[in-house]
Amino acid sequence: MASSSPAPESLPADIDATKVASVQRRLLDWFDANGRDLPWRRTRDPYCILISEVMLQQTQVDRVTPYYHAFLERFPTLVALAEAPTAEVITAWAGLGYNRRAVNLQRTARAILDQHDGRFPETIEELRRLPGIGPYTAGAIACFAFEQPSAFLDTNMRRVLHRLYFGSDVPVPVVNEAAVLRIAIASVPPDNGWSWNQALIEFGALQCTARRPACVVCPLQSSCAAYPTVQSALAALPRGTRLVSDAPFTSSNRYYRGRVVDVLRELASTGAERSIEIRKLGATIRDGFSDDDVPWLYGLVTDLARDGLAVAAEESPAYDAGTDRPEDGTMPTLRVRLP
Ligand code: SF4
C-alpha cells in the first residue's frame, strides 16, 4: 500500500534533524551524479506525469518508456483520452499488464473534465477524490507536476527509508507504514521536494535495491541503520524466498483476466467480429476448457465488466436480465467484448 502527506513545517523532536539534513544532502548529491534522464522528468505537465506514474506502477522504467511515448502520441491530451472509445484505450495499453489501470486512467481524465472543467486539480485532497488515484499517485502528481513538497511512499521509497532509519527490512520490516511515512514527511526539503522524491525513487531503483543493495559503494553507508546487517539478512533468506514475488501466476485469476482482455483486444483490432461467445473464449484462453468451467469464466467476465474492462451481453435473453443466472442453473450464452 502506498501513502502520502504534505510536508511539515518543522521536525518532530524525536527525529534526528542532523541525520535528516545529512541524508538529504548526500542523497541529492548522489541523484545529481546518477539520476537518469527520463522523459517524465523533463516535464511538469500533470497529464504526462499522471500517465507516467500509472504506467510505472509495478512496471520497470525500461519497459514503460516506449509505451509512454506511444500512449501520449495516441492520446496527446486529457480531452483526447477522455473522449476516446474505452476499447481503444485498453488496446493502447496492450503489453503493459494490469489492464484495469488503463480504464481507471480514462475515468480519471473524464472526472477532471466533468468535475473540474478540465483543470487538473493541484492539491492532494482534490487529487485523492479522483477515481483510481491513490495516496502515492496523488502525492507524486502534487510533487512532480506542481512541485509541492509532498511526502509519499512506494515500495522502493519505503525500503530505502526503512533501511536508513530503522534497520534491515528483511526477513520482515521492523516498523510499520506509519513510522516510515513519518520519516518521509520529515525528510522532504520544503524548497526542493521534486528533486528529493525523485532522488529517493532513483536510489531505491539503482543503489538500494530489494535484493542486491550496493552497500559497499553506498554514499549513505555511515548513516544507514541497516548497513551492519542487511547483507547477511538477505543472504540468510531461504532460497525460495527470492522466487515468491516472481512466481508465474498461470493458475491465478489475474493471469486469466489478462488473457481474456488480450483476446478481446485482438478482436477489437481486427475490425471484424468484435465479440466472442463465452465458451469459445474459454477454449481460447485455457487448455482443456469444458462446460464445467463456464461458471468460473462467467464470474471472471462479470468481474471484468464491473471494472470497466469488458461488456457481456446475452446472445438471446431468455430470462430476466436482472437475474445473474437462470433458475435451472444453466449458464446463459454470453458474447463478450471490450467496452
Ligand atoms: S548502506 Fe546499503 S542498505 Fe544502507 S542505504 Fe546504502 S545501499 Fe541501502
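Modeller: The account below begins with the basis of the model, then turns to the helix pair, the sheet and a few single residues.

This is a predicted model, in which local features need pLDDT of at least 70 and side-chain atom pairs count only at pLDDT 80 or more, while totals for chains, interfaces and linings use all residues. Residues are numbered from 1 along each chain as its sequence is written.

Two packed helices are described by the angle between their axes and the distance between the axes. Helix H14 (residues 253-270) packs against helix H16 (residues 294-306) at an angle of about 70°, and their axes are 10 Å apart. Axes here are lines fitted to C-alpha atoms, for helices over the stretch in contact, with angles running from 0 to 180 degrees between N-to-C directions. Helices (H or I, at least four residues) and strands (E, at least two) are DSSP runs, numbered from the N terminus. H14 and H16 are therefore roughly perpendicular to each other, a term for angles of 65 to 115 degrees. From H14, the residues Asn253, Tyr256, Arg257 and Val260 meet Leu300, Val301 and Leu304 of H16; contact requires C-beta atoms, placed from the backbone, within 7 Å. By class, this contact of H14 with H16 comprises 5 nonpolar, 1 polar and 1 charged residues. Ala, Val, Leu, Ile, Met, Phe, Trp, Tyr, Cys and Pro count as nonpolar, Asp, Glu, Lys and Arg as charged, and the others, Gly among them, as polar.

The sheet is open and has 3 strands in the order S3-S5-S4, with antiparallel pairing. Strands S3 (276-277) and S4 (311-314) stand at the edges with a single partner strand each, so one side of each is left without a neighbour in the sheet. Two strands pair if DSSP finds at least two bridges between them. Between S4 and strand S5 (residues 334-337), the antiparallel pairing runs over 4 bridges, and Val311 stands opposite Arg337 in S5.

Lys280 belongs to helix H15 (residues 278-285). Lys280 counts as exposed, with 12 C-beta neighbours inside 10 Å; a residue is exposed at 12 or fewer other C-beta atoms within 10 Å of its own, buried at 20 or more, and partly exposed in between, with C-beta atoms placed from the backbone. Lys280 and Arg335 are 55 residues apart in sequence, and their C-alpha atoms are 9.5 Å apart in space.

Key: Parallel < 35°, antiparallel > 145°, perpendicular 65-115°, else oblique. Contact = placed C-beta atoms within 7 Å.
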